[in-house]
Amino acid sequence: MTPKTRTAWRMALPALMALALAMPAAAQDAPAEPEAMSMAQFAPAVIRTDSIPGAYEAVHWAEAGLVFVASVPSFDKGTPGFIHVLDAADLHPIRQIQLPRRPFALALDRSAGRLYAGNTLDGSLTVIDAKGGQILDTIQLGQPEGEGFEHTRMIALDEEKGLAFVTSPGQKGVTWIVDTKAGELLHRIEGGLWTAGAAYDAAAGRFYASGGGIEEIAVIDAAGARVGAISTGDTTEEGAEASQHFLVNLAIDAEGQRLFAADADKGALYVFDIAGAKVAKQVPVGSGMLDVAYNPARSEIYATWRGVERENTAGTGGLAVIDARDYAVKQRIPLPSHPNSLEVSEDGRTLFVTVKAPHDKDHPDYREGALDSLLRIDLERLGEGGE
C-alpha cells in the first residue's frame, strides 16, 4: 500500500473503505476456526431493519429503551445528517433528529442525558438532548476546512469528570479533550500517526488513542499529558510509508488491563497487555477489519471485517465472535455486504451492528438506492459454536 493510498483511505475514514494487507505469519498460530454460521442458524437470534441511509455508529441507552444510529445520506457539501432513534427491543423507528452537520461517531452521557455526535467532515462535536432531540451546542475542535483541515473520528467520555476525548486521524495525529459541562475545548495533544481508535479507563484516568507509526497507541491522562505509549515494535522508521499497522479501532478490558485493537492493515485482532505495553496475542479476522468491542458479561470480543481490499473490491464481510479467555474464534457470521460499527448493550446480552450496502456499482450486491441496516443480535440465543 503506497503512502498516497494510505493517506486517501484514512482521510476518508467516514466511508471506511478498508484496504487490508496479507495476514502476518504470527497470526496463523491462532486456534482453528469454526465453519461460518449459516443464515438459517443466525436468523433466530437477530432482528434487522434495512431502513437507514448512510448508517455509521450506534449507541444503546438501556434506561430509555432506545438505540441511536448516526446517519449520513450524502457526502455532498452542505447536506444534513440525521440521528435515527429506534426502539431497542424491536428496532421500530421512534423519530429522526436532523442535524446541520453530518454525524459519524456517537457517544452517550447517560448520567446527563446528552448525546455527542462527531461531525467528522467538519471537525466538530454536536451536543444533543438525548430524550427530546434538541440540539444544545456545537463545539468546534479542529480547522473546519482548507489546508490543514482536521477531521474528528472517535469519542470517549468520562461522565463523572465531564470530559470528552476525541481523536483526529491526520498525518499528524491529534487528540482533543473537551469539558462537556462548559462546552469548551481544554486540551489539544499532538503526536502519533493517523490517530483514530479510542478507549478510556475511567478508574485509571487513562485515555488510549490508536493509529499507526512506531508507537501505535498513545497513553494520555485526564489532565492532557501524554504519559506513555504501547507499541507492536514492528515499525522502526518514522513516516506513513514505513508504518506496518493501522489500529483503526480500540476496545478495553479495564479490569483485566487489556486493549483489543482492530488492525485494518493486517486484518487481525491485536491484544495488548497494558501493564507490559506489549502484544499478548494476534488473532486473524478478515480483510478490511474495522471495529472491535469487548463484552465482559460474556467474556467475548466481537470484531467486524468488511471483506474488501484494494485487489478485491467485490468481497463481503462478517462478524467474528472471539472467546476473550483463550482467543479462540467461536463463531464467524457472514453479514453481507459490509459490517461496520458495533455496540454492546449495557447488560451484555445484546449486540447491535450496523451493516452498509455496497456503494461500488461493480459490486455484485450493489442495488441503486439500497439502504443500510441495523442488526439487533440476542447473544444468548446465538448459542455456542454456531449450533
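Partly exposed here means a relative accessible area between the buried limit of under 20% and the exposed limit of over 50%. Lysine 161 falls in that class, with a relative accessible area of 45%. The model is a predicted one.

**Salt bridges**

Side chains of opposite charge can pair when their charged atoms come close. The count for this model comes to 14 salt bridges. Three of them are described here.

Lysine 161 meets aspartate 158 in a salt bridge, at 3.6 Å from N to O. The two partners fall in separate accessibility classes. Aspartate 158 has 4% relative accessibility, so it counts as buried under the 20% limit. Lysine 161, at 45%, is partly exposed.

Glutamate 150 and arginine 188 form another bridge, 2.6 Å from N to O. Glutamate 150 sits in the loop between strand S9 (135–140) and strand S10 (155–158), while arginine 188 belongs to strand S13 (residues 184–190), so the bridge ties together parts that are 38 residues apart in sequence. Glutamate 150 is buried, at 13% relative accessibility. Arginine 188 is partly exposed, at 36%.

A further bridge joins glutamate 190 to lysine 172, at 3.6 Å from N to O. This pair also links distant parts of the chain: glutamate 190 is in strand S13, and lysine 172 is in the loop between strand S11 (163–168) and strand S12 (174–179), 18 residues away. Glutamate 190 is partly exposed, with 41% relative accessibility.

The following table sets out the pairs.

| Glutamate 150 | Arginine 188 | 2.6 Å |

Strands of a sheet pair through backbone hydrogen bonds, either parallel or antiparallel. In this model, four strands make an open sheet with antiparallel pairing, in the order S10-S11-S12-S13. S10 and S13 are the edge strands. Each has a single partner strand, so one side of each is left without a neighbour in the sheet. On average, neighbouring strands are turned by 20° against each other, with direction ignored.

How many bridges join S12 to S13? Six bridges connect these antiparallel strands. Isoleucine 177 stands opposite histidine 187 of S13.

Technical notes:
Residues numbered from 1 in each chain as written. Predicted model: local features only at pLDDT ≥ 70, side-chain atom pairs only at ≥ 80, totals over all residues. Heavy atoms only, no water. Salt bridge = Lys/Arg side-chain N within 4 Å of Asp/Glu carboxyl O. Helix = DSSP H or I, 4+ residues; strand = E, 2+ residues; numbered from the N terminus. Buried < 20%, exposed > 50% of the residue type's maximum accessible area, 1.4 Å probe, protein only. Pairing = 2+ DSSP bridges. Axes fitted to C-alpha atoms, helices over the stretch in contact; angles between N-to-C directions.
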